[in-house]
Amino acid sequence: MRRLLSITVAAVLAVGMSGCGQAAKESAEPKKEPAAKETTAEATKELNVYSSRHYDVDKKLYDKFTEETGVKVNVVEGKGPELVERLVREKDAPEADLFVTVGAESISQLNDEGVLGEYSSETIEKNIPEQYRGDGWMGMSSRARVVAYVKDQVDPSAITSYEDLTKPEWKGQILVRPSESSYNQALVASFVDTMGKDKAKEWAQGVTDNMAREPKGNDRDQAKAIVAGEGKLAIMNSYYWVKLKNSSDPEEQKVAEKIDLIFPKDTHVNLSYAGVIKGGKNSVNAVKFMEFLTSSDIQTIIAEDNGEFPLNPETTVPEPQKSWLGFTPQKIDYATLGKHIPEATEIFTEVGWK
């Protein structure tokens with residue numbers, strides 16, 4: 001059975017992880033822009049956000065920020081890679097002030113392209129642990145990539161690590177979404193980072209050999225499939241269990257009731273992050289919004305509404321996330337994770353993970 005330890009989310013998510021870049025430590029106020037630019041940012045009372053997070057809770061947060069500050073938030077939504085491409089294309093004349101997305105794998109590209117700007121905020125330094133912030137960016141929430149199983153069909157003690165998924169006894173029993181999923185790409189990229197490409201390929205081959213069917217659908221579909229008897233184990237993100245449990249569809253609620261989650265040793269943790277755009281017209285407001293996202297009250301809203309883990313250690317962690325605490329997170333550098341995505345893509349092709 002998974003260990004449910006009564007510790008704070010900070011202890012869970014911060015323990016033993018490598019630093020992901022150093023945020024500037026200068027003052028409590030955002031880095032001062034030239035006076036004219038700061039005056040313009042304050043006068044316009046606007047913030048332009050590119051976001052690949054398509055959640056109702058985010059809309060709630062934009063409205064709340066506007067209500068508290070008077071700053072109007074203009075949001076352009078799209079898929080992460082498309083927005084990254086647009087940010088790179090516009091970097092000499094940026095239209096966005098802030099980029100909000102799921103998956104830290106784009107941080108390295110944006111930094112390499114000179115898209116992310118600098119910021120200084122003691123508020124962010126205080127609220128977000130060092131390993132979840134870096135040059136131009138900060139994590140806002142997280143979710144774990146775990147193993148789901150049907151309660152009366154699997155002994156969870158049989159799965160203690162991701163490597164256990166490659167054992168012969170799980171032949172024809174594993175369900176997972178396609179290789180094009182950013183979650184799977186980040187997972188394998190993290191293995192390249194921590195184990196090396198050869199070991200990462202060995203793992204991916206083992207999982208592919210044990211698949212119950214050709215990969216298809218999203219994480220919820222994998223959970224539904226094991227309940228339907230198509231396999232016994234599903235790789236999925238933890239927050240999807242919460243979404244199933246809180247769904248308006250009674251059938252999805254039943255799926256959540258029938259499955260439970262295993263948090264393997266060195267659990268891979270995905271970050272949603274916010275990055276300030278270099279040369280943005282409203283950079284002062286961008287940092288204000290980032291600070292707003294780190295407050296314990298806002299972190300609680302994100303956790304309650306979207307089933308994610310908060311990153312601010314002072315946040316009250318809701319159930320069921322609180323009951324999941326105690327897992328050991330994987331030690332990776334989020335600022336460089338994206339550099340291993342090409343290798344992960346090669347691995348998928350080589351092992352036949354469609």
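A residue is taken as exposed when its relative accessible area is over 50%, as buried when that area is under 20%, and as partly exposed in between. In this predicted model, Asp112 has a relative accessible area of 56% and is therefore exposed, because the cut-off for that class is over 50%. The side chain of Asp112 meets that of Lys339 in a salt bridge, with an N to O distance of 2.8 Å. This pair links distant parts of the chain, since Asp112 belongs to helix H5 whereas Lys339 lies in the loop between helix H14 (321–324) and H15, 227 residues apart. Lys339 counts as partly exposed, at 44% relative accessibility.

A search of the whole structure finds 20 salt bridges, among them a pair formed by the side chains of Glu113 and Lys91, at 3.4 Å from N to O. Here too distant parts of the chain are linked, with Glu113 placed in the loop between H5 and helix H6 (122–127) and Lys91 in the loop between H4 and S3, 22 residues apart. Both partners are partly exposed, Glu113 with a relative accessible area of 31% and Lys91 with one of 33%. A further salt bridge joins Lys167 to Asp164, the closest N and O atoms being 3.1 Å apart. In this pair Lys167 is partly exposed, at 33% relative accessibility, whereas Asp164 is buried, with a relative accessible area of 8%.

The largest pocket has a volume of about 810 Å³. Its lining comprises 28 residues, of which Lys79, Gly80, Pro81, Val102 and Ser182 are the closest to the centre of the pocket. At least two lining residues are supplied by each of helix H4 (80–89), strand S3 (98–102), helix H5 (107–112), helix H7 (182–195), helix H10 (238–245) and helix H15 (341–351). When the lining of the largest pocket is divided by class, 10 residues are nonpolar, 14 are polar and 4 are charged.

Helix H10 also contains Ser238, which is buried, with a relative accessible area of 0%. When residues up to four places away in sequence are not counted, Ser238 touches Arg143, Ala144, Val146, Leu261, Phe263, Phe309 and Trp324. Strand S8 pairs with strand S5 (residues 137–150) in the antiparallel sense over 4 bridges, and Ala148 stands opposite Leu261.

The model contains 1 cavity of 30 Å³ or more, and about 40 Å³ of space lies in the largest cavity. The lining of this cavity is made up of Asp58, Leu61, Tyr62, Val100, Met140, Phe289 and Leu293, with two or more residues coming from each of helix H3 (56–69) and helix H12 (283–294). The largest contribution is that of H3, with 3 residues. By class, the lining of the largest cavity has 6 nonpolar residues, no polar residues and 1 charged residue.

Definitions and conventions:
Residues are numbered from 1 along each chain as its sequence is written. This is a predicted model: local features need pLDDT of at least 70, side-chain atom pairs count only at pLDDT 80 or more; totals for chains, interfaces and linings use all residues. Side-chain values use heavy atoms; hydrogens and water are left out. On a 1 Å grid over the protein atoms alone, a cavity is a set of points where a 1.4 Å probe fits but cannot get out, and a pocket is an open set with protein on both sides within 12 Å along at least five of seven lines; lining residues have an atom within 4 Å of a point. Grid points are joined across faces, edges and corners, and a volume is the space filled by probe spheres set on the points. Ala, Val, Leu, Ile, Met, Phe, Trp, Tyr, Cys and Pro count as nonpolar, Asp, Glu, Lys and Arg as charged, and the others, Gly among them, as polar. Two strands pair if DSSP finds at least two bridges between them. Buried means under 20% relative accessible area, exposed over 50%, partly exposed in between (1.4 Å probe, protein chains only). Contact means heavy atoms within 4.5 Å. A salt bridge is a side-chain nitrogen of Lys or Arg within 4 Å of a carboxyl oxygen of Asp or Glu.
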